[in-house]
Amino acid sequence: MSRKKRILNPLARDALDSLKYEVANELGLIDKINKQGWGDMTTREVGKLGGTMVKKMVKMAEDKIANNSDR
């Protein structure tokens, strides 16, 4: 059963989609996605994609916080 997560900031939708495709490309999944679509991904692939996206978002937030505290 899949759940659609509500994006808290609608302006972030394009950035999240861009990040999703960037991570899929890094993981070597982009060809499969382009051929079969997102619905045919395995649970493992989806988990790896989501986990990598979260790691990148945390890193971005940490970098932003670190840059703001330098001022």
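**Note on helix packing and burial**

1. E45 counts as buried, since its relative accessibility is 17%; buried means under 20% relative accessible area, exposed over 50%, and partly exposed in between, with a 1.4 Å probe and protein chains only. E45 is found in helix 3, where helices (H or I, at least four residues) and strands (E, at least two) are DSSP runs numbered from the N terminus. Not counting residues up to four places away in sequence, E45 touches L29 and K32, contact being defined as heavy atoms within 4.5 Å.

2. The model is predicted, so local features need pLDDT of at least 70 and side-chain atom pairs count only at pLDDT 80 or more, whereas totals for chains, interfaces and linings use all residues. Residues are numbered from 1 along each chain as its sequence is written, and side-chain values use heavy atoms, with hydrogens and water left out.

3. Which residues make up the largest nonpolar core? This core has nine residues in all: L19, V23, A24, L29, I30, I33, M41, L49 and M53. A nonpolar core is here a set of buried Ala, Val, Leu, Ile, Met, Phe, Trp, Tyr and Cys residues joined through side-chain atoms within 4.5 Å. At least two residues of this core come from each of helix 1 (13–26), helix 2 and helix 3. Helix 1 gives the most, with three residues.

4. V23, in helix 1, has a relative accessible area of 0% and is therefore buried. Apart from residues up to four places away in sequence, V23 touches L49, T52, M53 and K56. V23 and G51 are 28 residues apart in sequence, and their C-alpha atoms are 9.9 Å apart in space.

5. A24 touches L29, I30, I33, W38 and L49, again not counting residues up to four places away in sequence. One of these partners, I30, is found in helix 2 (residues 30–36). I30 is buried because its relative accessible area is 16%. With the same exclusion of residues up to four places away, I30 touches Y21, A24 and N25. I30 and V46 are 16 residues apart in sequence and 12 Å apart in space, C-alpha to C-alpha.

6. How do the axes of helix 1 and helix 3 cross? They come within 10 Å and cross at roughly 120°; axes are lines fitted to C-alpha atoms, for helices over the stretch in contact, and angles run from 0 to 180 degrees between N-to-C directions. The two helices are therefore oblique to each other, given that angles under 35 degrees count as roughly parallel, over 145 as roughly antiparallel, 65 to 115 as roughly perpendicular and the rest as oblique.

7. At this contact, L16, L19, K20, E22, V23, A24 and E26 in helix 1 meet L49, T52, M53, K56, M57 and M60 in helix 3. By class, the contact has eight nonpolar, one polar and four charged residues; Ala, Val, Leu, Ile, Met, Phe, Trp, Tyr, Cys and Pro count as nonpolar, Asp, Glu, Lys and Arg as charged, and the others, Gly among them, as polar.

8. Two further residues of helix 3 deserve mention. T52 is in helix 3 (residues 43–69) and is buried, its relative accessible area being 17%. Leaving aside neighbours within four places in sequence, T52 is in contact with V23 and L27. V54 is also found in helix 3 but counts as partly exposed, at 46% relative accessibility. V54 and D31 are 23 residues apart in sequence and 22 Å apart in space, C-alpha to C-alpha.
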